[in-house]
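Please keep the sequence and the structure in view while reading.

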Amino acid sequence: MERFLSSKKYIPFTYKMMIPYLILVLLTDMLVGYIAYTMLVESRTEMAETNVRTALKQTRNNIEYQTDEIKRMSNSLFLNTNFQNALQFRGEPLENMLKMRDDIVPYMKAPLQLYGNKLRLALYAVNESMLEITGDEMSAPIGRSDYYVLPLRAIENTEWFNSLVANNKDSVWLQADSDRGLGNISYFRKLVASNAAPAVIGYIRVTARIDELFGSFDTFPVDQGLDLRLIDRASGLTLYERGAVDKQAKQDAYLIISEDISLSGYVIEARVPHTYLNKDASRMQKVITTVCAISFLVMAVIGFLVARISGKKIKRIVYLARSFQEGNFYKRIGFPGNDEFVYIANSFNQMAASIQELIHNVYVQGIQKKQAELDVLQAQISPHFLYNTLSTIGSLANLGEVEKVTQMVQGLSKFYRLTLNEGQVYISLEKELEQVRMYLEIQRVKYADAFEVYYDIDPEILQVPIIKLILQPFVENIFKHAWFGETIAIRITGKRLGDRIELKVIDNGIGMRPDTLRKMRSSTFQTGSYGLKNVEERIKLRYGNDFGMQIGSYFGAGTTVQIILPVENAEIREVMGE
């Protein structure tokens, strides 16, 4: 055996652990590299997003400033009473011309001169007597600031105007007529007379170029794929767009950043391609890959050195394990220090001591079992019971009771045959009951049928194997200690309780006093021939401490002995050959 163990090859555990260790280091380096790469990309993305958001806010501020100037321009006309009165004037053509020259045109030209960008200021008058002033063609791009005085009928049949009137909208931004094609947007509001009941006297439309509202595009690198748009939130239409995007690219190919503006219902949006954000990714990837490779090599060298050092201690443990396999439990391990190997060595030494103690206990327990069985055998073949029975047989023979003599001899023979049971420890419950019946038959001849026995046994447990001589000692104690009158009744019951069986021996004898019962329960009380302590010890030795017997008694009323046994256990299966 020793030669076989020494010739058997094995791979040291430390080297086996090197493989998962290297895999773990590799995966860790890959994970760290991936996280570092991702964080760098995210950092650049956040930086780019911050720059774009800052540019968007600047654009928003510029748009809001420009639109606020346009609103103030309309307010200067809306609140001017002279302007309102002039719009309501109805006179001769010459008077109307002078009124327009003195009170309408100056108020329209002044804000256009103050505003820096190019605008078109159109006045749609309800008063049809007003003279018309037509400036540049509205379908042409805005080349200079210009003003218009037009009759209301010029727009009253347009779809956009009718929609505003139907929905009672005022002071709105929209794209009307040719605005969409020219890249313009218009601010439209009512003019209401303040000197009478509120009445609409006209409409003001201020048209501006959207690119001038946005201002400078120097902060947006549109040449690198960035795209800036003005979107109508309600319809989802793009009113203005600067920059070009790949129409076939997927939506997730762009980082979309939006910013609300003061124009109700509109939003400015920037689309930043991820290729722009990740333009330095390949260089970062090479640097991170190189660092991870160097880290892997360094960790591999460190792991190999640790494996060499730990392997020496593990070899020592393997050598001691082989000694244990050969049956040498006296060797011990001693490691210096306070690491895990010291803990293993101490546990190994404790295990060796426990095994030695366990072997000793098992050996002693086996001897106790044999001694208990020997006590049972000696108790059953003791001269006291045998002499009393033979004496009874002799008396019956002198009286000529041949039939009773024959009955007692046969009962005695069968009783001892069942008791010995060819040296077997376990018998079926049915045979145990038969052995009790033989004992009672012998006693029935001696006591001339002065007692009654009742059996209440569940048929399904009759074949359950139990250790022999469990019931008979308690029945014997009834005759020795419980009988005090002319007759006595004995009841033997048995039933199954789950994976256990319950046996009871009940009598209506004299019972026991409390102090006697207390001694009996403490297992210090011995009967005349065979102690109940022996029965308790045999049950616990064979089945364990979860099983045993309980005695209940009431002086003057009788005694009940309860015995709890398992239906089966490992020893029963082994003995019964299962």
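Two strands are said to pair if DSSP finds at least two bridges between them; helices (H or I, at least four residues) and strands (E, at least two) are DSSP runs, numbered from the N terminus. The model is predicted: local features need pLDDT of at least 70, side-chain atom pairs count only at pLDDT 80 or more, and totals for chains, interfaces and linings use all residues. Residues are numbered from 1 along each chain as its sequence is written, and side-chain values use heavy atoms, with hydrogens and water left out.

The description begins with an open sheet of five strands, which has mixed pairing and the order β2-β1-β5-β4-β3. Its edges are formed by β2 (146-151) and β3, each of which pairs on one side only. From one strand to the next, the twist averages 20°; here axes are lines fitted to C-alpha atoms, for helices over the stretch in contact, and angles run from 0 to 180 degrees between N-to-C directions. Helix α4 (residues 93-114) packs on this sheet and touches β1 and β2, its direction making about 135° with that of β2. Contact means heavy atoms within 4.5 Å.

Within this sheet, β5 has two partners to consider. Strand β4 (residues 184-192) is antiparallel to β5 and joined to it by nine bridges, and the bridge partner of Asn184 in β5 is Arg209. Strand β1 (residues 119-125) also pairs with β5 in the antiparallel sense, over seven bridges. Along that pairing, Ala125 stands opposite Gly202, while Ala122 has Arg205 as its bridge partner. Strand β5 (residues 200-209) is largely enclosed by the rest of the structure, because eight of its 10 residues are buried. Buried means under 20% relative accessible area, exposed over 50%, and partly exposed in between (1.4 Å probe, protein chains only).

Helix α5 (residues 159-166) can be read in the same terms. Its residues Trp160, Phe161 and Leu164 are buried. They cover an arc of only 100° around the axis and therefore lie on the same side of α5; the arc is that of the directions from the helix axis to the C-beta atoms. Glu159 and Ala166, on the other side of α5, are exposed. The cover over the buried residues of α5 includes β3 (172-174), β4 and β5. After α5 comes Asn168, whose phi is positive, near 55°.

A further open sheet has four strands in the order β7-β6-β9-β8, with antiparallel pairing. Its edge strands, β7 (238-242) and β8 (254-260), each pair on one side only. Neighbouring strands of this sheet are turned by 20° against each other on average, direction ignored.

Next come the cores. A nonpolar core is a set of buried Ala, Val, Leu, Ile, Met, Phe, Trp, Tyr and Cys residues joined through side-chain atoms within 4.5 Å. The largest has 63 residues, and those with the most contacts inside it are Ile70, Ile104, Leu123, Phe188, Leu230 and Tyr266. Not counting residues up to four places away in sequence, Tyr266 touches residues including Trp173, Ile185, Leu230 and Ile261. A second, separate core of 53 residues includes Phe451, Ile466, Phe479 and Val561.

Finally, an unreviewed UniProt entry lists residues 21-40 and 287-307 under "transmembrane region". In the model, residues 21-40 are 100% helix and 0% strand, with end C-alpha atoms 28 Å apart. Residues 287-307 are likewise 100% helix and 0% strand, and their end C-alpha atoms lie 31 Å apart. UniProt positions are given in the numbering used here, feature names are shortened, and annotations may be inferred rather than shown by experiment.
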